[in-house]
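Please read the following report alongside the sequence and the three-dimensional view.

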Amino acid sequence: MMRALFTGVSGLRVHQTKMDVIGNNIANVNTLGFKSSRATFEEVFSQKISGASAANEAANRGGINPLQVGLGVNLASIDRKMTQGAAQRTDNPLDAMIQGDGFFVVGDTSGQYLTRAGNFKFDASGNLNLNGMKVYGWDAKLNEATKEYEIDKKAVTPITIKEENEYMEPEPTTQVNFSGNLQTSVDGLKGVERDMTFYDSLGNDYSLPVVFKYDKEGMEPPGPRSDWSYSIKRDNTGNTVAYMNGDRKKPVQLNFSATQGDTTNWEPLGWISFNTKGTMMGLGVGEGALMPPAGAPEARTQVELFVNVLEGSPLTPNATIGKGGTGSIVLDFTGLTQFENEVTSAKPTTVDGNIPGRLQDISFDNTGRLVGRYSNSQTKPIGQIALAEVKNPAGLESIGDGLFAATSNSGTFDGVGIQGNIITGALEMSNVDLGSEFTEMITTQRGYQANSKTITTADDMLQEAVQLKR
């Protein structure tokens with residue numbers, strides 16, 4: 001009976017612990033990135049009353065099993081469920097949710113920690129943080145060769161909006177892409193005039209009228225074709241001009257040629273040939289005539305235009321134009337077609353280069369990059385948030401505030417790459433299943449109640465034993 005008392009006590013103790021776990025799960029049902037836990041039990045060792053014996057054929061007796069009395073129950077483990085929680089849409093550009101494996105890396109002077117919560121914000125010093133903990137990742141650096149911003153994936157450091165990211169420097173235009181359709185019956189002999197925009201090294205923008213004009217039905221080999229000239233519009237005095245910063249009253253006189261440094265001789269830029277299916281056969285540079293030479297056109301879709309500043313032009317001092325200040329701007333006509341029933345007009349669609357701009361907004365993309373949006377309508381990556389993973393996520397130690405610390409059984413972590421996709425404008429909710437928790441609560445309550453009955457029943461039996469002598 002005394003054993004039964006202590007067995008019942010052990011049952012109460014572990015069921016109380018299990019109830020504590022369930023209560024904590026339910027309390028954190030709306031905690032961002034919370035991972036629920038479960039308590040499991042194991043039998044305590046048993047007291048052996050008599051051992052087992054084997055069968056004895058000579059005595060014609062069978063074997064006897066051991067006689068044991070169990071001494072209660074112990075807490076075997078409290079396991080953390082690392083399954084992913086549901087997504088909660090917030091539309092906040094700095095909210096991020098990991099789709100799949102991995103953890104965000106945050107830290108302070110006490111060390112680095114892991115978390116699944118992604119309700120980030122910037123402080124007054126430009127630090128990306130989570131409830132005061134700095135968020136770790138990589139910076140974006142300009143590749144001088146490609147002029148593209150790339151993520152520098154070296155050691156992870158706190159993500160900070162540096163002074164150079166608050167401003168975007170101007171970049172000169174090096175390429176303009178044209179697309180759309182040239183329709184012979186509509187655009188034909190009257191021509192199509194479209195403004196092409198380009199930028200100089202100081203961020204001034206120029207509007208340049210480009211004219212496409214249909215010339216004739218070519219019959220030269222390798223077969224029938226249609227030819228269009230493309231040229232830069234001249235003003236009333238015969239000069240080629242561009243309009244700077246939207247000022248149509250003060251045209252800037254520039255010389256445009258197919259030869260670098262040629263400031264004296266300019267002719268219409270050249271011609272484009274289309275086949276009978278309306279797709280481009282090739283293009284060329286004109287040499288004193290609107291019409292292309294006889295024979296097959298060159299099978300290319302780009303031409304290099306050189307912009308030469310004329311002496312006395314009111315161009316902003318120290319500004320340069322084109323790639324490396326050479327005046328070179330590539331015109332790419334790959335996207336042009338000649339269909340009769342297509343209504344998409346031919347025009348410049350994409351232009352590189354930009355005017356200067358101020359940082360206005362920051363948000364995540366689906367790879368975890370922080371993308372800055374500037375007042376000049378341009379974007380560029382500022383950095384990338386690092387994700388880390390450990391071999392045994394369930395072995396992490398919860399230290400509060402939604403943070404996990406590595407343990408000897410979880411394995412170490414580092415931010416070496418992206419192990420999951422990022423969902424922006426959303427947060428990961430807890431993975432608590434209320435239906436399961438309430439069911440576990442019922443069984444835990446019954447288990448606790450049953451163990452209390454074991455104690456009261458054993459007490460009644462002891463009372464009866466005491467009352468044997470009266």
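Predicted model: local features only at pLDDT ≥ 70, side-chain atom pairs only at ≥ 80, totals over all residues.

Residues are numbered from 1 along each chain as its sequence is written, and side-chain values use heavy atoms, with hydrogens and water left out.

**Pockets**

Rolling a probe the size of a water molecule over the atoms shows where empty space is left. A pocket is here an open set of points on a 1 Å grid over the protein atoms alone, where a 1.4 Å probe fits, with protein on both sides within 12 Å along at least five of seven lines, and lining residues have an atom within 4 Å of a point. Grid points are joined across faces, edges and corners, and a volume is the space filled by probe spheres set on the points.

The largest pocket has a volume of about 970 Å³. It is lined by 35 residues, of which Leu-142, Lys-147, Glu-148, Tyr-149 and Glu-171 are the closest to its centre. Strands E11 (133-143), E12 (148-151), E14 (167-168) and E28 each supply at least two residues of this lining; helices (H or I, at least four residues) and strands (E, at least two) are DSSP runs, numbered from the N terminus.

The second largest pocket, with a volume of about 210 Å³, is lined by 17 residues, and those nearest its centre are Asn-24, Phe-34, Lys-35, Arg-80 and Ser-398. Helix H1 (2-27) gives the largest share of that lining, four residues, and strand E30 (397-400) supplies at least two.

By class, the lining of the largest pocket has 11 nonpolar, 12 polar and 12 charged residues, and that of the second largest pocket has four nonpolar, nine polar and four charged residues. In this count Ala, Val, Leu, Ile, Met, Phe, Trp, Tyr, Cys and Pro are nonpolar, Asp, Glu, Lys and Arg are charged, and the others, Gly among them, are polar.

**Salt bridges**

The structure holds 10 salt bridges, each a side-chain nitrogen of Lys or Arg within 4 Å of a carboxyl oxygen of Asp or Glu. Among them are these pairs.

| Pair | N to O distance |
|---|---|
| Asp-79 and Arg-38 | 3.3 Å |
| Asp-152 and Lys-141 | 3.2 Å |
| Lys-233 and Glu-193 | 3.1 Å |

Asp-79 in strand E4 (residues 73-80) and Arg-38 in strand E1 are 41 residues apart, so the pair links distant parts of the chain. Arg-38 is partly exposed because its relative accessible area is 46%, where buried means under 20%, exposed over 50% and partly exposed in between (1.4 Å probe, protein chains only).

**Surface and loops**

Phe-41, Leu-75 and Ile-78 form a nonpolar patch on the surface, with about 230 Å² of accessible area together. Phe-41 itself lies in strand E1 (residues 37-43). Patches are made of residues with over 30% relative accessible area and no salt bridge, nonpolar side chains (Val, Leu, Ile, Met, Phe, Trp, Tyr) being joined within 5 Å and like charges within 9 Å. Accessible areas come from the Shrake-Rupley method with a 1.4 Å probe, and for residues only the protein chains shown count as cover.

Most residues other than glycine have a negative phi. Asn-60, however, has a positive phi of about 55 degrees, and Ser-377 has a positive phi near 70 degrees. Asn-60 is placed in the loop between strand E2 (46-50) and strand E3 (67-70), and Ser-377 in the loop between strand E27 (369-374) and strand E28 (379-385).
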